[in-house]
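Please read them alongside the coordinates.

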Amino acid sequence: MAANTITVTLPQLAKMIDHSLLHPTMTDADILAGLKICREAHVATACVKPYLIPLAKKELAGTDVLVCPVIGFPHGNSTTEIKVIEATAAAKAGGAEIDMVVNVGKVLGGDWEYVTDEIRQINEAVTANGAILKVIFENDYLKLEHIARLCEICTQLNVAFVKTSTGYGFVKQADGSYNYKGATIKALKLMREKSGSKVQIKAAGGVRTLDDLLHVMSLGVTRIGATATIAILEDAKCRGIGNEPVEVTFKPMQEEDEFGGY
């Protein structure tokens with residue numbers, strides 16, 4: 001295979017997408033429109049806030065699209081007890097995949113016992129109720145050594161996915177504004193290297209184009225979080241990607257020279 005090429009199908013691309021319906025201002029009408037996109041595009045999941053699980057389950061009934069609620073979102077600051085209760089309730093309500101946010105302060109403080117115990121309890125609660133867990137690191141706040149350690153912990157605990165970001169981890173920039181990088185190439189390579197072979201990688205935040213999606217796929221990413229689902233899949237069709245495997249060329253994402261810190 002030539003550099004910057006990958007062989008894909010349109011259904012394969014769709015099933016890599018967790019369509020994100022997480023913005024705090026979204027009304028029920030916005031959610032219904034988003035769930036319609038999920039149904040028609042046959043994405044992997046609709047990623048929703050916990051109170052929306054019943055609506056999402058109703059709207060997606062009879063489809064191949066799963067419901068993916070978020071826990072401790074977006075800053076991961078609830079107590080472990082509350083996160084476990086929230087995750088258990090979400091799984092029992094019909095959440096097939098649960099995305100939870102780590103306690104970032106505990107990660108940065110190196111309290112790995114707390115971090116490990118929290119992930120363990122939530123993973124056990126989720127899997128006991130027939131769901132799987134994705135652990136969100138919020139990489140913009142972390143350094144590479146934190147990311148590597150979290151990958152090792154999640155591998156030891158048999159977590160299904162490790163995930164880069166919430167999409168809401170805004171960091172103060174040099175110019176005083178707040179923004180985030182999200183899924184960077186350097187972090188994704190590290191996450192794939194430091195995670196066991198059974199742990200999948202979800203890239204969220206900053207994967208906005210078909211080229212971005214194809215690039216992270218080439219690094220071993222198997223799921224992305226996206227709001228630009230329609231644009232990505234329409235571009236795929238325009239570039240000749242259909243139901244049969246086809247080799248396509250992609251424009252690589254820029255790799256950051258610097259990483260991490262808040």
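1. The model is predicted. The count of salt bridges comes to 18.

2. Lys15 and Asp64 form a salt bridge through their side chains, at 3.3 Å from N to O. The two residues are 49 apart and link distant parts of the chain: Lys15 sits in the loop between α1 (10-14) and β2 (17-21), and Asp64 in the loop between α3 (53-59) and β4 (66-71). Lys15 is partly exposed, at 31% relative accessible area. Asp64 is also partly exposed, at 40%.

3. Arg223 and Glu97 meet in a salt bridge at 2.8 Å, N to O. Arg223 belongs to strand β11 (residues 223-226) and Glu97 to strand β5 (residues 97-101), so this pair ties together parts 126 residues apart in sequence. Buried or exposed: which applies to Arg223? Arg223 has a relative accessible area of 9% and is therefore buried, the cut-off being under 20%. Glu97, at 6%, is buried as well.

4. Arg120 pairs with Asp117 in a salt bridge whose closest N and O atoms are 3.9 Å apart. Both residues lie in helix α6 (residues 112-128); they are separated by about one helical turn because they are three residues apart. Arg120 is partly exposed, with a relative accessible area of 34%, and Asp117 is partly exposed at 33%.

5. Salt bridges with shared partners join Asp18, Glu97, Asp99, Lys134, Lys163, Lys202 and Arg223 into one network. Glu97 and Arg223, the pair of point 3, are among the members of this network.

Methods: Residues are numbered from 1 along each chain as its sequence is written. This is a predicted model: local features need pLDDT of at least 70, side-chain atom pairs count only at pLDDT 80 or more; totals for chains, interfaces and linings use all residues. Side-chain values use heavy atoms; hydrogens and water are left out. A salt bridge is a side-chain nitrogen of Lys or Arg within 4 Å of a carboxyl oxygen of Asp or Glu. Helices (H or I, at least four residues) and strands (E, at least two) are DSSP runs, numbered from the N terminus. Buried means under 20% relative accessible area, exposed over 50%, partly exposed in between (1.4 Å probe, protein chains only).
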